[in-house]
Amino acid sequence: MSASASTATSATSLASLLAPTDAFAHRHNSPGADERAAMLALLGQPSLDALVDAAVPPAIRLERPLDLPAPLGESAALAELRAVASLNKVFRNFIGLGYHDTFTPPVIQRAIFENPGWYTAYTPYQAEIAQGRLEALLNFQTLVTDLTGLDIANASMLDEGTAAAEAMMLCHRSKGLAEASFFVSDKCHPQTVEVVRTRAKPLGIEVITGDHAAFDPASVANLCGVLVQYPDTTGGIHDFTTFFAAVKAAGAYSVVATDLLALTLLKSPGELGADVAVGSAQRFGVPLGGGGPHAGFFATRDALKRQMPGRLVGVSKDAQGRPALRLSLGTREQHIRRDKATSNICTAQVLLAVMASMYAVYHGPAGLKRIATRVKTLTDLLAAGLRRLGATVNAEPTFDTLTVGNVSAERVHAAAEARKLNLRHVDAYTVGIALDELATLDDVQTLLGLFGEADLAALDNFSPVEYPAALARTSPFLTAKVFNQYHTEHEMLRYIKRLEAKDLSLCHSMISLGSCTMKLNAASEMLPVSWPEFGKIHPYAPAAQTKGYARLVAELTGWLSEITGFAATSIQPNAGSQGEYAGLLAIRGYHESRGEGHRDICLIPTSAHGTNPASAVMCGYTVVPVACDALGNIDVADLKAKTDKHAAKLAALMITYPSTHGVFETSIRDICAAIHAAGGQVYMDGANMNAQVGLTSPGHIGADVCHLNLHKTFCIPHGGGGPGVGPVCVAAHLVPFLPGAGVGPVSAAPWGSASILVISWMYVRMMGAAGLTEATKVAILNANYVAKRLESFFPVLYRGNAGLVAHECIVDLRGWKKHGVEVEDAAKRLMDYGYHAPTMSWPVAGTLMIEPTESETKAELDRFCDAMISIHGEMQAVANGEADPASNPLKHAPHTARVVCADEWTRPYSREQAAFPAPWVRESKFWPAVGRVDNVYGDRNLVCSCVGMEAFADQA
């Protein structure tokens, strides 16, 4: 060996020895080298690259690696992000606008917000193993209905702005007017007004703004509804009773955007005559987070419940007749109603709604009222002091916000900045001040000092201002037992843990939901979410204070644009559904800019996610379905026929890639070209991006726009049904039509759910281009391994090149129906084996769609496959007549501890087979909290509050 070669070898060895020991990619991409070799051997593939080359059409493969920063180890990535965070300046915020600083009780922060037992669970479709978060959401719904004085509330919305927009749509749908107008008070929060305007435009709804006191509802013939703020954005509180009566007389609906804390002291919207109440529960213990994520809320009257958007938790009963919770009225939703759904919102902000509900449980009605009274008293004290200094303040009653006039705003803001305080900018002679639960007497004195000599001693005779009888609350709230018994930390901690123990999450086992990408949510990715440099930033703080967020957003959007092959990315959409909507709005804006606003036909494959047609309708498009062939691909002949038929009016094709059937379609580039030739644009749903990263990209394939689900591909946890982030990525010609640019905002905060962007930033920063590409390859490996192991027992419905699948596979259970065994039986039986069922009966009824992701080891995949094979044996026993067709482990699944341990056991199979059907279950058993839930009973006997739950329990 030459000296130079020896030196080079020595240098390589030294570099290897000194490499960081906390490299991340091998922690995330779970199967080790030996496991991968065994899996590839079963598949008959010589290497991982050979498998990928066979599965992914060569025509769509990228020609170069992704251009991303080299990966950092976990500690180095955290240090770099800490430097980014330090660019944010944490000031004390008195801006308001619906965002308030709050104190998150440490027991809630530690046991929920920072607890993977809560944040790694999925939307509670499998109710029997989700009773904990369903109960917490029922508490949230009760909190909202009690305080708003309305009949029914959903399980959360994305934010206040989108909740208001959804309320407008409810009014529009319920009136059924071809042409409609919607009045919005000019004293609503400005960001809410803008989100409503964005939503109204493509639907042809005229938005009228002005002073509600001067607006005559009878003067507008096609009025569908009105929106007011209570208390309003200036802080004033108005009695809307007469106004709402006039709106009702005009045949329209009244919507109130309101504040839950204020409602502990104020007459409820329902008592004022409102039909809908919306708002944000952020100030109930959820950090500001630069604008999100926060739980919006939506409540309405019983007569409008089937028009209400979002998820709804209701009380039903299980197989033993005991009370059990479930998601109710699912027939309103996208997978069934598609283009006729009430909304495109698929999930919302469950984790944040859980936190808000626990805040209410911890404080109880008396504690909440004490917090509110303290805030109001400090506000009254501040108002009195400002008047003494010659400033003008609100003439109307107030709660926490004052609009202060007759001052030099420039001087006041300069003085505030010097003291690291943020006030609301109004105009040259006016500022806004909003207090919160953290405000103190010292804060009041400091604030007064911004305007002149602060002398609280001169206010010795001060007494709080009582609300007039027309505004003061007299009705009780939060009388249910749950809000009145967990007020010590021990009791609160135990309650939280009892609920957590009822829910299966990624802490327990793989959750292989197809099209949901339940991958690792690494601890190092999650830690920065709690940093105050991100958590205590107001979304409308001055730009000089948010340079850390600006850099975070710039870097992450740059990386996402590189990964998707597009020119620019907006991270404003705070859910995948909103990303879809924003992408279609960009297409709509583009066509209008070219004088082709008449293009309103949207082609959508019948296999598409249900939010696709729902989003298209929200953009004013007419949905034309496109058939799929027997192999699960888009029927190209049908697509061509409909493209030709609608060429003059074609706006877009919405397509998912790989398809929702888990197949890399070889004709994808030809499909994109055909749409472009007809003058349309191609929107690609990013639900299956986990099979593309580093191998191909939407831009490379030929799409014009896509949305991503950061809560799928880029590691933001699902939170039990939210939060999520749905960035929209666009080609250069669509950049002028991103949210906040050529079209209005789609979320209340400029950066959407800003605080959780750190999770995806950390993921990309630690993985680098090679790690991300390897993740995609391993996801394909794991899916094909599962398909191979199960194919002898359950047919794999669709395959692509070389008989391979993409990152997920669909197994067919329809043939068992003739033996009396349903796919639901297998799904519920999996719970007894310690697993959450894969996606059931979508996109094909009677099937299970399995997506194992790259984060699961071969050992875990084998346990899951062994469970499925064992269940196949139990199904075969029914088919062969060896098991009772009506009384067998499948039909009675899942089996609860109460049933298995009961004194009486009359079933023709053993207790052991019921509860411990596999060896690993004996080592660590997850017990479903309830037996199989009766879905039909729950919808026919709709109960959606914990008061109803308590009555049901007593009856049982």
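Let's start in the greasy middle: the largest nonpolar core has 208 residues, and among them Phe284 and Met358 touch the most other members. Helix α26, which spans residues 757-790, supplies the largest share of this core, with 20 residues. Keep in mind that you're looking at a predicted model.

Zoom in on Phe284. Leaving out residues up to four places away in sequence, Phe284 touches Thr102, Leu143, Leu147, Leu260, Leu261, Met355, Ala356, Tyr359, Ala360 and Leu368. There's also a second, separate core of 34 residues, and its members include Leu158, Phe182, Val207 and Val276.

How many cavities of 30 Å³ or more does a search of the whole structure find? The count is nine. The largest cavity holds about 230 Å³ of space. It's lined by 23 residues, and the closest to its centre are Gly98, His100, His189, Asp259 and Arg283. Two strands, β5 (223-230) and β6 (253-259), each give at least two residues to that lining.

Next, have a look at Cys188, which sits in the loop between β3 (180-185) and α10 (190-203). Is Cys188 buried or exposed? Its relative accessibility is 2%, so Cys188 counts as buried. If you skip residues up to four places away in sequence, Cys188 touches Val193, Leu227, Val228, Gln229 and Thr233.

Finally, follow the chain to an open sheet of seven strands, in the order β14-β20-β19-β18-β17-β15-β16, with mixed pairing. At the edges stand β14 (568-570) and β16 (622-626); each has a single partner strand, so one side of each is left without a neighbour in the sheet. From one strand to the next, the twist averages 25 degrees.

What holds neighbours in a sheet together? Strands pair through backbone hydrogen bonds, either parallel or antiparallel. Here, β18 (residues 681-686) and β19 (residues 705-708) run parallel and are joined by four bridges. In this pair, Gly686 stands opposite Leu708 in β19.

Helices lie across the sheet, too. Helix α21 (residues 576-593) lies across β17 (650-656), β18, β19 and β20 (728-730), running at about 170 degrees to β18. Helix α22 (residues 611-618) lies across β15 (601-605), β16, β17 and β18, and runs at about 175 degrees to β15.

Methods:
Residues are numbered from 1 along each chain as its sequence is written. This is a predicted model: local features need pLDDT of at least 70, side-chain atom pairs count only at pLDDT 80 or more; totals for chains, interfaces and linings use all residues. Side-chain values use heavy atoms; hydrogens and water are left out. Two strands pair if DSSP finds at least two bridges between them. Axes are lines fitted to C-alpha atoms, for helices over the stretch in contact, and angles run from 0 to 180 degrees between N-to-C directions. Contact means heavy atoms within 4.5 Å. A nonpolar core is a set of buried Ala, Val, Leu, Ile, Met, Phe, Trp, Tyr and Cys residues joined through side-chain atoms within 4.5 Å. Buried means under 20% relative accessible area, exposed over 50%, partly exposed in between (1.4 Å probe, protein chains only). On a 1 Å grid over the protein atoms alone, a cavity is a set of points where a 1.4 Å probe fits but cannot get out, and a pocket is an open set with protein on both sides within 12 Å along at least five of seven lines; lining residues have an atom within 4 Å of a point. Grid points are joined across faces, edges and corners, and a volume is the space filled by probe spheres set on the points.
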